[in-house]
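Biologist: I would like to learn how to read a model like this one. Could you walk me through it, feature by feature?

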Amino acid sequence: MYLEGRGGTMELTPRVKQILQIMLQDDQKMTVQTLADRVGVSRRTVQREMEYVERSLKGTGVHLVTKMGSGVWLEGSAENKKNLLFKITDDMDYDAGNREERRKRLILEILRDKELKKLYYYSSIFKVSEATISGDLEAVGAWLSEYGIQIVRRPGNGIGIQGSESDYRRAISAFIEENIDAKVLMDSYEKDALSDYQEQLQRKKLNHIIDDEILEQVAECIMGVEGNLAMRLTENSLTGLIIHITIALKRILKGEIIEEKSGWENEFLKDEDYFLAKHLMESLKEKFSVEIPEIEIFYIYLHLKGAKHEKVQSDERGFCEEDKLLHIVRDMIDVFDPEDAWIYRQDDELIQGLLAHLRPVVVRIMHQMKISNPILDSVKAEYPEVFERCISAAAVLEKYLGKSVPEEEIGFLAVHFGAAQVRLESRREKLRQVNMGVVCASGIGVSRLMTSKLRKTFHDRVKIIVYGKRDINPYIMARTDFFVSSIPLETVEIPVVFVNPLLNEEDMEKIHKLVHKYERMPEKYQEKDNFSKQLEKINLITSQINAVIKYMDFFRADENISFEELLLITGERFSPYHDREEMIRSDLRKRERITSQVLAEFGFALLHARTRGVVRPGLAICLPKDGECFRNPYFKKIRVIFIMLIPDDENVDINGEILGYLSSILLDDNDFMKTVLEGNEAKIRNAVSVQLREFFQKYLAEMG
C-alpha cells in the first residue's frame with residue numbers, strides 16, 4: 001500500500017498498517033507498552049516503528065503526537081481519520097490471491113475509467129503479474145459482454161471498453177446491485193444520515209463512480225417528487241433509481257458527453273410514469289443548476305416502468321395492454337399445469353399478482369434491463385419442480401416478446417406459481433392429526449425434553465406418545481405413523497427419525513417433512529369392521545399383560561418402614577428419573593388421602609394410582625424383611641403390600657381392567673395369597689401369570 005501526500009508516496013509495511021489501524025480504531029491516548037501488547041511485539045520495536053508511522057502520515061491531515069508520561073495518539077479531523085482508516089483497512093483486507101475479489105475490482109476499475117490502459121497499469125494496482133491480469137480480462141470480458149460491452153485490446157496502446165451509453169449504464173447498475181446492500185441506503189436515509197451507506201461505498205471502492213454528495217441530493221429530489229414516487233416503488237427499485245441518476249449526473253457534471261437516442265419520444269405512451277420522469281428531471285435541473293439532456297427522461301421512464309411497484313393501479317397502462325397481458329397469463333397457467341389449469345384460473349390472487357408482476361417484466365426484457373434475484377438459488381434448490389414448470393410457462397412470454405426470459409425473472413414467476421400451488425393443495429387436502437411416537441431407553445427422562453420441543457413446534461398437528469424401547473410392539477406400530485428416537489431401534493417396520501436428544505435444526509427439518517407427509521395421508525389405523533377392532537384390542541391386551549408379568553417387581557423392606565419411606569422406595573424402584581419418582585409418590589399419596597388402602601382386616605395393603613410417572617402398567621409386591629408383619633402403626637400389622645400403577649394415557653381403561661382383575665383375586669383366591677406370603681419370587685411370578693392367563697381367556701370368551 002502507498003499513501004499519497006504532498007511529500008510524494010510512501011509504501012507502508014504490514015506492521016505500520018497494524019499500528020495505524022489500532023490507533024485509529026481506539027482513537028485515544030495509549031502507552032507505548034499497551035500498543036506493543038496489542039500489536040504483539042516488544043516495546044522497543046514499536047518505538048523504532050514510530051518514525052515510519054510519523055513519516056507515512058504526511059499529507060493525510062493526521063499526525064502523530066508523542067508525550068512523555070502521557071503516551072501516543074493521533075490528531076486530526078474526524079473525517080481525515082475516517083478516510084485514513086478506510087484506506088488502510090481496505091488495503092489490509094485486499095488479498096491479491098483472491099481471484100474473485102481481484103476480478104470484481106478490475107471490473108470496477110475498467111468501468112470507472114474507459115480510457116485505454118496498459119496491462120502493466122492493472123498488474124501494478126492489483127499486485128499480480130501481467131499474465132494473471134490477461135487471464136482475468138477474459139473472465140471480466142464475459143461478464144461485461146452480458147451488457148453489450150466489449151473489451152478492446154490494441155497492441156502497443158492498451159485496453160479499453162466499447163459499448164453504447166445504455167449498455168454502459170446497465171453494466172454499472174448491475175455491478176452496484178451485485179455488490180451493495182440496497183437496504184443500507186434506505187435505512188440511512190430514513191435516519192436522515194447517509195453515512196452508513198457512504199461508508200459501504202468506500203469500503204467497496206464504489207465511491208469512484210458514486211459521489212456521496214450527489215447521491216444525497218438525488219435522494220432528496222426523488223423523495224420530494226409529487227405523486228408519492230418513493231412510496232410506489234419497492235426498496236430495491238427505489239435504490240436502483242437513486243444510483244442510476246447519481247451515476248448519470250456525475251458524468252454530466254464532469255462534462256462527459258451522453259449520446260442521444262433518436263426517436264425515443266415515440267417509444268412509449270405519455271402516461272403517468274412519463275410525467276413523473278419529466279417532473280423529476282426538472283427538479284434535478286433546478287437542484288444541480290445544470291442542463292440535463294432530454295434523453296434522461298427516457299432512461300428514468302424506463303426505470304420506472306421496469307421497476308416493481310408496491311401498488312399497481314388496476315387501470316394502469318404500460319407497454320402491454322391489459323387484455324394482452326391477461327391472455328399471456330392464462331396461456332402461462334395452461335402450460336404450468338394443464339390438468340388443473342381450470343382451478344388456477346379461479347385463483348384471483350394468482351391472476352392479479354401475475355398481471356402486476358408482468359408489466360415491469362415486459363419492459364425489462366424488451367430493453368434488456370437485468371434484474372437481480374437474491375432468492376433464485378433457494379427457489380431452484382427447494383422447489384425444483386415448480387421452477388422447471390415455470391421455465392415452460394416462461395416460454396409463452398418468450399414467444400410473445402420474441403426475446404428470452406432470464407432465469408432471474410423465472411425465479412420470481414416460480415414464487416407466484418408456488419404460492420398458488422400451496423393454496424390449491426390447502427383447499428384440496430383434509431389434514432389429519434399425525435400419530436408420532438417418541439422413543440428413548442426407558443420412555444422417560446430425556447424424552448420429556450424432546451416431546452416438549454415437538455409440542456411447542458407442532459401443537460395440535462401431532463399426537464405424541466412416549467415409549468420405552470421395550471414398549472414397542474406390533475400393536476403400537478400399527479397405530480403410529482413414525483417414531484422419533486434418540487437410540488437405535490431394531491426390527492421396526494415403520495419410519496424412524498434418529499435424532500440428537502436436543503433436536504437440532506437438521507433433526508427438526510426431517511420431522512417437519514414426515515409430519516407434512518402423513519397429515520396429508522389417510523389415517524393409518526382405520527377400524528373398518530368389528531373384527532379388525534377386536535384384533536387390535538386383543539393385540540393391546542396381550543402386550544400389556546406381558547409387560548405386567550415381565551416387569552413385576554418383588555422386594556422386601558424393613559418391618560418398621562413408614563408410609564413415606566415406602567413411597568420413597570417405590571418411586572426409586574419404578575423409575576430411575578427423579579421427576580418421575582416424584583410424580584409416582586405424589587399420585588400414590590393423593591389416592592391414599594381419599595380412602596386408605598391399608599386393609600388390616602384382610603392382612604394386606606393395595607396402594608394404587610393412575611400416574612404419568614410410568615409408561616406401562618406395573619405391579620410390585622413388598623414383604624417385610626424380618627418377622628411376619630409390618631410394625632409401623634400406619635400399616636396395622638399387615639403381612640404384604642401390593643403396589644399397582646396405571647399409566648395416565650389413552651390405554652387407561654384396558655390397563656385398569658388388567659390390574660383390576662388382579663386386585664379382585666386378592667380377596668377371592670386364598671391359594672394366590674398363600675403363594676405370595678411364602679415369599680418365593682419365581683412362584684409368585686408364575687401365580688400372577690396363571691391369573692392373567694385366566695383373565696385373558698375370559699376376555700376372549702366375552703368377545704365371542
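**Reading the model together**

Modeller: A salt bridge here is a side-chain nitrogen of Lys or Arg within 4 Å of a carboxyl oxygen of Asp or Glu. Before we go on, note that this is a predicted model, where local features need pLDDT of at least 70, side-chain atom pairs count only at pLDDT 80 or more, and totals for chains, interfaces and linings use all residues. Residues are numbered from 1 along each chain as its sequence is written, and side-chain values use heavy atoms, with hydrogens and water left out.

Biologist: How far apart are Glu581 and Arg585 in helix α27?

Modeller: Helices (H or I, at least four residues) and strands (E, at least two) are DSSP runs, numbered from the N terminus. Glu581 and Arg585 sit four residues apart in helix α27 (residues 578-594), so about one helical turn separates them.

Biologist: Are Glu581 and Arg585 buried or exposed?

Modeller: Buried means under 20% relative accessible area, exposed over 50%, and partly exposed in between (1.4 Å probe, protein chains only). Both Glu581 and Arg585 are buried.

Biologist: Which residues do salt bridges with shared partners join into one network?

Modeller: That network is made of Arg102, Arg103 and Asp136.

Biologist: And how many salt bridges does a search of the whole structure find?

Modeller: The search finds 21. One of the pairs is Arg38 with Asp26, at 2.7 Å from N to O. Arg38 belongs to helix α2 (residues 32-39) and Asp26 to helix α1 (residues 14-26), so this pair ties together parts that are 12 residues apart in sequence. Arg38 is partly exposed at 41% relative accessible area, and Asp26 is partly exposed at 25%.

Biologist: What about Arg432 and Asp481?

Modeller: They form a salt bridge too, and their closest N and O atoms are 3.0 Å apart. Arg432 is in the loop between α21 (407-428) and β7 (434-440), while Asp481 is in the loop between α23 (474-478) and β9 (482-485), so the pair ties together parts that are 49 residues apart in sequence. Arg432 is buried, with a relative accessible area of 13%, and Asp481 is buried, with 1%.

Biologist: Let us turn to helix packing. At roughly what angle do the axes of α26 and α27 cross?

Modeller: Axes are lines fitted to C-alpha atoms, for helices over the stretch in contact, and angles run from 0 to 180 degrees between N-to-C directions. The axes of helix α26 (residues 563-574) and α27 cross at roughly 140° and come within 8 Å. Angles under 35 degrees count as roughly parallel, over 145 as roughly antiparallel, 65 to 115 as roughly perpendicular and the rest as oblique. That makes α26 oblique to α27.

Biologist: Which residues make the contact between α26 and α27?

Modeller: Contact means heavy atoms within 4.5 Å. From α26, the contact includes Phe563, Leu567, Leu568 and Phe574; from α27, Glu581 and Arg585 are among the residues that take part. For residue classes, Ala, Val, Leu, Ile, Met, Phe, Trp, Tyr, Cys and Pro count as nonpolar, Asp, Glu, Lys and Arg as charged, and the others, Gly among them, as polar. The residues of the contact of α26 with α27 divide into six nonpolar, two polar and six charged.

Biologist: Finally, how many helices and strands does the chain have?

Modeller: The chain has 30 helices and 15 strands, and buried residues make up 47% of its 704 residues.
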